[in-house]
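Please keep the sequence and the coordinates at hand.

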Amino acid sequence: MVSFFEDSAKNIAGKNVMITDAKSVLNMSITVTVSAQNPLASPGYKISIKTKKLLQNREIISGARVNAWVDSMRASSPTHTKSTSSVTDDQVTWNLHHPSALEMLEQIIDASKGKQIVMFLDYDGTLSPIVEDPDRAFMSKKLAKCFPTAIVSGRCRDKVYKFVKLAELYYAGSHGLDIKGPEKRSKSKSDGESVLFQPASEFLPMIDEVYKQLVDTTKSTPGAKVENNKFCLSVHFRCVDEKKWSELAQQVRSVLKEYPKLRLTQGRKVLEIRPTIKWDKGKALEFLLESLGFANCTDVFPVYIGDDRTNEDAFKIFRDRGQGFGILVSKFPKETSASYSLQEPDEVMDFLRRLVEWKQLSLQAQSRM
């Protein structure tokens, strides 16, 4: 029987032919070299596949992918400050497109007049310092009394609830994959917790399995922490030396290559592993608006405050709807669909305080009429 290579050799004698392996995920190329003489007439002909070169190409491509992830990790989690003049120039340009929400508060209030403000808040890096400080935790309670409020976090919903401890809020954990409304109280039951939405329940066994593998695989990287957020996983690298980021990214990818139904994304100093379903914080935002009764209302003014890339899906919803706005919490200029910015959680605290004060004054004025 004539082999594939023997059959092809008639047409490639004396040539270097590039054959692309279409089945290969890496889309690698193989170089086949054939003698200039008639190969089929000579029993000693050779077809040389440069295996070493092939493996080198695979390593280069794999390394390039890891390096791209590390570059992306640095971009979303900056650790070094540029020179003062460079930062100032970048910040000035960026602020023209994403002005401070504190400085624009009057314009924001004017835009919201006659509409119901609905607040959506990320937890880590946005609300966490406020909640953790007992002297400032009251702000969350006052905010909830003035406006319908939802916490949308990458953390497990139960964990966020334990931090915030406000039953009257909506909670969306695991990047919106686990949503719960306010506890309903009745005469027959002291409380009635009702889960509104859990679209990724079938992935729970897989996520638990991957969690154990990631813990074992990343234990050699000092500072790495794997967190099980029920419907998603987080690999925190906040305490990992930047020189080890490439190693960590490679470890995570080595585990996930066996699980095509899970996808890898990233946030601020964290790698996120989530099911490959069409659901994110933007979808969660729309679901929550519908649950609150504001699905197709024109008299609603949603405000979303978050600090990392995972909130961009929600910010884009506002852009598309032309309704409400997003506020990015960041000290560094970043590409974002948010309309406004705040530099740190202390500014978030100040913004929320002033918004609550305005609402309270408005209610007092209405009561006098």
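At 29% relative accessibility, lysine 159 counts as partly exposed (between 20% and 50% relative accessible area; buried is under 20% and exposed over 50%, with a 1.4 Å probe and protein chains only). This is a predicted model, in which local features need pLDDT of at least 70 and side-chain atom pairs count only at pLDDT 80 or more, while totals for chains, interfaces and linings use all residues. Residues are numbered from 1 along each chain as its sequence is written, and side-chain values use heavy atoms, with hydrogens and water left out.

Which residue does lysine 159 form a salt bridge with? The partner is glutamate 227, with the closest N and O atoms 3.0 Å apart; a salt bridge here is a side-chain nitrogen of Lys or Arg within 4 Å of a carboxyl oxygen of Asp or Glu. Lysine 159 lies in helix H7 and glutamate 227 in strand S9, so this pair ties together parts that are 68 residues apart in sequence. Helices (H or I, at least four residues) and strands (E, at least two) are DSSP runs, numbered from the N terminus.

Glutamate 227 is itself buried, at a relative accessible area of 8%. Its side chain also meets that of arginine 155 in a salt bridge, at 3.2 Å from N to O. Arginine 155 sits in the loop between strand S5 (149-152) and helix H7 (157-164), and glutamate 227 in strand S9 (residues 225-228), so the pair joins parts 72 residues apart in sequence. Asp124, Arg155, Lys159 and Glu227 are linked in a network of salt bridges.

Another salt bridge pairs aspartate 158 with arginine 157, at 3.7 Å from N to O. Aspartate 158 is partly exposed at 39%, whereas arginine 157 is buried at 6%. By the rule above, the count comes to 13 salt bridges.

Now the helices. H12 (residues 345-368) has 24 residues and reaches 35 Å from its first C-alpha to its last. That is close to the expected 34 Å, the expected span being 1.5 Å times one less than the number of residues. Buried residues in H12 include Val348, Phe351, Leu352 and Leu355.

Helix H4 (residues 105-112) packs against H12 at about 45 degrees, with axes 12 Å apart. Axes are lines fitted to C-alpha atoms, for helices over the stretch in contact, and angles run from 0 to 180 degrees between N-to-C directions. H4 is therefore oblique to H12, the class left after roughly parallel (under 35 degrees), roughly antiparallel (over 145) and roughly perpendicular (65 to 115). The contact (heavy atoms within 4.5 Å) is made by Leu105, Ile108, Ile109 and Ser112 of H4 and Phe351, Arg354, Leu355 and Trp358 of H12.
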